[in-house]
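Please open the model in your viewer and keep the sequence panel beside it. The tour below goes from one selection to the next and says what is found at each stop.

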Amino acid sequence: MSPDSMTPGSVRSAADLNEQIRALWMRAGGSLSAQERAEYELLVVKWAAAIRGEIIEAA
């Protein structure tokens, strides 16, 4: 999935985003292209936001 195909403001769980990150690494065989790196960075930012949201909800 390219970063452009992700819906801005869409809410995904940290677990879902983590699974997408893992799948990206598996597809890439452990070495990311420039496009895959951009997708990875976007997913990590969204994952971190989801984790923060889940921690705040738990508190």
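In which kind of crossing, left-handed or right-handed, does α1 pass α2? The crossing is left-handed, and the stops that follow build up the picture around it.

Begin with the whole chain, bearing in mind that this is a predicted model. Colour the chain by pLDDT: the mean is 85, and 81% of the residues reach 70 or more. Then select residues 1-9, where pLDDT stays under 50 throughout, although the model does have 16 contacts for this stretch beyond four places in sequence. Switching to a cartoon view shows the secondary structure of the chain, which comes to two helices and zero strands.

Next, select residues 14-28 as helix α1 and residues 34-58 as helix α2, and look at how they lie against each other: their axes come within 8 Å and cross at roughly 160 degrees. Because angles over 145 degrees count as roughly antiparallel, α1 is roughly antiparallel to α2.

Now show the side chains where the two helices meet. On the α1 side, select A14, L17, N18, Q20, I21, L24, W25, R27 and A28; on the α2 side, select E36, E39, Y40, L43, V44, K46, W47, A50, I51 and E54. Coloured by residue type, this contact divides into 12 nonpolar, two polar and five charged residues.

From that set, centre the view on L24, which is found in helix α1. Is L24 buried or exposed? L24 has a relative accessible area of 1%, and residues under 20% count as buried, so L24 is buried. Leaving aside its neighbours within four places in sequence, the residues in contact with L24 are L32, E36, E39, Y40 and L43.

Not counting residues up to four places away in sequence, L32 touches L24, W25, R37 and Y40.

For a contrasting stop, select R22, whose place is in helix α1. R22 counts as exposed, at 53% relative accessibility. The C-alpha atoms of R22 and Y40 lie 9.6 Å apart in space, while the two residues are 18 apart in sequence.

Finally, return to the whole chain and colour it by burial: of its 59 residues, 20% are buried. Turning to the contacts between residues at least 6 apart in sequence, 61% of them join residues at least 24 apart.

Conventions. Residues numbered from 1 in each chain as written. Predicted model: local features only at pLDDT ≥ 70, side-chain atom pairs only at ≥ 80, totals over all residues. Heavy atoms only, no water. pLDDT = per-residue confidence, 0-100. Contact = heavy atoms within 4.5 Å. Axes fitted to C-alpha atoms, helices over the stretch in contact; angles between N-to-C directions. Helix = DSSP H or I, 4+ residues; strand = E, 2+ residues; numbered from the N terminus. Parallel < 35°, antiparallel > 145°, perpendicular 65-115°, else oblique. Left-handed = near helix turned anticlockwise from the far one by under 90°. Nonpolar A, V, L, I, M, F, W, Y, C, P; charged D, E, K, R; others polar. Buried < 20%, exposed > 50% of the residue type's maximum accessible area, 1.4 Å probe, protein only.
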